Amino acid sequence: MANHKSSEKRIRQTKTKTLHNKYYAKTMRNAVRKLRATTDKAEATELLPKVQKMLDKLAKNNIIHKNKAANIKSSIALHVNSL
């Protein structure tokens with residue numbers, strides 16, 4: 001149990017930020033999953049910039065690591081080009 005007011009506040013802040021980060025990380029995973037499941041070239045080409053933008057924003061805000069974002073962007077670009 002927290003012994004100081006500041007540590008109690010820190011616990012509240014951490015809980016809020018964790019919930020926020022989990023939401024955006026899950027949204028990103030669903031978008032990537034949707035793009036990878038797509039077999040239509042036109043639809044995939046339309047989705048690609050949106051997903052890449054989402055990955056860049058999450059990496060910028062340290063929700064995901066920048067190298068992870070780069071790896072995912074690379075793999076989905078390969079997927080879209082192979083369609």
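User: Helices are taken here as DSSP runs of H or I with at least four residues, numbered from the N terminus. In this predicted model, in which helix is glutamate 8 found?

Analyst: The model is predicted, and its helices are counted from the N terminus. The run that spans residues 5–37 contains glutamate 8, and this run is helix 1.

User: Is glutamate 8 buried, partly exposed or exposed?

Analyst: Buried requires under 20% relative accessible area and exposed requires over 50%. Glutamate 8 has a relative accessibility of 33%, so the class is partly exposed.

User: How far apart in space are glutamate 8 and asparagine 67, C-alpha to C-alpha?

Analyst: Along the sequence, glutamate 8 and asparagine 67 are separated by 59 residues. In space, their C-alpha to C-alpha separation is 33 Å.

User: Are helix 2 and helix 3 roughly parallel or roughly antiparallel?

Analyst: The axes of helix 2 (residues 41–60) and helix 3 (residues 66–82) come within 10 Å and cross at roughly 175 degrees. Angles over 145 degrees count as roughly antiparallel. The relation of helix 2 to helix 3 is therefore roughly antiparallel.

User: How many nonpolar residues take part in the contact of helix 2 with helix 3?

Analyst: Helix 2 contributes residues including Leu48, Val51 and Leu55, and helix 3 contributes residues including Ile72, Ile76 and Val80. Of the residues in this contact, four are charged and three polar, while the nonpolar ones number ten.

Note on methods. Residues numbered from 1 in each chain as written. Predicted model: local features only at pLDDT ≥ 70, side-chain atom pairs only at ≥ 80, totals over all residues. Heavy atoms only, no water. Axes fitted to C-alpha atoms, helices over the stretch in contact; angles between N-to-C directions. Helix = DSSP H or I, 4+ residues; strand = E, 2+ residues; numbered from the N terminus. Parallel < 35°, antiparallel > 145°, perpendicular 65-115°, else oblique. Contact = heavy atoms within 4.5 Å. Nonpolar A, V, L, I, M, F, W, Y, C, P; charged D, E, K, R; others polar. Buried < 20%, exposed > 50% of the residue type's maximum accessible area, 1.4 Å probe, protein only.
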